[in-house]
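Subject: Handing over a structure

Dear colleague,

I am passing the structure below on to you, and my notes on it follow directly after. Please read them with the structure open beside you.

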Amino acid sequence: MNTFVWLTWRQHRWTILATASLALLAAFTLVSTEGGKVGSMMMAGFYGLLAQLLFGGVISMFWGAPLIARELEERTYFVAWGQDVTPTKWLRGKMLVLGPLAVLLGALVGLGDGFGGPQESWGMFEASPFVQGGYAIFGLALGVFIGLLSRHVVTAMAATLVFYTLARVLPAVLLRDHYLPSKRDIARWESTPVVPHRGLEIGNGFVGADLRPVSVPDKCAELPNPNSCMRNTKTAIGTYVDYQPIERLGLFQFIEFIVFVLLAGVLFAVTFRLLRRGGGWKPSRSHRRIDSVAEPAQTVQSTPDTAAAHAEG
Amino acid sequence: MSVVAAEVSKWAVRNVSFELPPGSVTAVVGANGSGKSTLLNVLAGHLPPESGHTAVAGRVAYVPQHKPMYKGFKVADVLEFGRRMNTVWDNERADEWLTRFKVPRRLQIGDLSGGQRTHVTLALALGSRPDVLLLDEPLSELDPLARRKVVGELLTEVSDKSMTLIFSTHVVAEIGGVADRLLLLADGRLLVDGDTDELLEQHVLYTGPRVSESPVEGPVVLAKHSKSQSSYLVRSGGTQIAEPWTARYVTLEELVVAHLERAA
């Protein structure tokens, strides 16, 4: 393990130092502007939020993508994987050093929420050590995987940026609101349903006599205000809203963390599998030992040419 | 056997088989693009063969043709790297090699000359005490004086540490008196595989009046005819011949060139 701490530090110290200072700076501005303190720190808080948006991407592009791609592009993998340490051990060692470090720095960036106000809110969903840590480890796994496939540093970085953005946007748009079934508030015509304070509204509509949502019939949908139509035709007995209460925020952030950690796990598994089999790089030391007695005899049998050459020689 | 290749095929290399005993020094010779590097890559385990298999007894160290090394490492970092990444590491041996060839310790690898970088990669390879050392064009970036010195030192290492050495080259002059085994590749095929001394004893050049058939028995490697003269390089095993023919042994270089010429 010491070996890989030394190797990782020796090879990636400037990247690590630069990222760490970025993370510290972001954490400082985010925490110090928390609670709406204004003045000269205002822009700093904004930049801190920007760092929160980008941090996992920085890890994926600058830590993950070049890790294997640079070895392949500069052909130093002959050096890295030509020693007694196998490629798999090499990658595992580096990941055991860089992975926890990335999560730690990510968690640091997720500590504060800048201008999110004194109370927690759904709008500041990504301002969480868990969420940011998950993004960081996922970014690392994604970058390493793409680097192994592309074998070229700049290509790997560009592709990583694209796929990291997709991987952040898609869950945020499609998944995040539905990690748990939403709560529903129903009100009869006399009143209106309310989303509890700081809750996240997900949907609304009309409910029928069985208190289930009903669709709006065509003749009501045509009208400027379908409410009175729905009421008069007795299609609905009231209205509803679906929401996620603020109490679930922490739980959802933890679920987001789990989702990204699982994604990272899948990517790591595929990367290690590729490295072990398909990549074409076998452990170059002692990759196939000759059994001092059995093996040569077998080889001679299987190759009459060699045997003949030997008989002549 | 220390190294075995059985019907190995990969890209340019086709159906190559050989066995090398421990402690042997083998030269892999061939024209550009004849598959030398591919063969060494397969032996080192960096490329899986398409068919056939290779086997190596013990630990391998491989120095590829372009002498790769991390540019940001200092020379001392390379030794530290070797020590930490290998189960067996002989720091003295690597250190001695660097001292012997006066490699400046304070510089980064990126600032070294090509020859100095070669020495660093060789030191890393030797320091890991390999049982089999594979070198791809090890002398290409060295000056003529350093070449001799490196070859001499490598041979000492081979005999001292009972290491098997395989090196590739396309400069035939480099292998005379060095390699005790010759693997001649042409177009990915193994043309000649044999003990260099035995090969030199077998090949005889016969020169005499112009005739269309070889004057002695045995496989003709190359026949050349001028207006009044014919010369035959025959793998005759040293058959004597009567006047007006003359016979002489050839140098290793002539032997290799003749075989390559025939293959071309």
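In chain A, a disulfide, that is, a pair of cysteine sulfur atoms within 2.5 Å, joins Cys220(A) to Cys229(A), with an S to S distance of 1.8 Å. The link is left-handed, with -65° about the S-S bond, and the count over all chains comes to 1 disulfide. Cys220(A) is buried at a relative accessible area of 0%, and Cys229(A) is buried as well, at 10%; buried here means under 20% relative accessible area, exposed over 50%, and partly exposed in between, with a 1.4 Å probe and protein chains only.

As for the origin of these values, this is a predicted model, in which local features need pLDDT of at least 70 and side-chain atom pairs count only at pLDDT 80 or more, while totals for chains, interfaces and linings use all residues. Residues are numbered from 1 along each chain as its sequence is written, chains are lettered from A and ligands numbered from 1 in the order in which they are written, and side-chain values use heavy atoms, with hydrogens and water left out.

Chain B has some backbone features to look at. Most residues other than glycine have a negative phi, and most peptide bonds are trans. Glu243(B) and Pro244(B), however, are joined by a cis peptide bond, with omega about 0°. Lys67(B) has a positive phi, near 50°, and is buried at 0% relative accessibility. Glu137(B) also has a positive phi near 50°, and its relative accessible area of 6% makes Glu137(B) buried.
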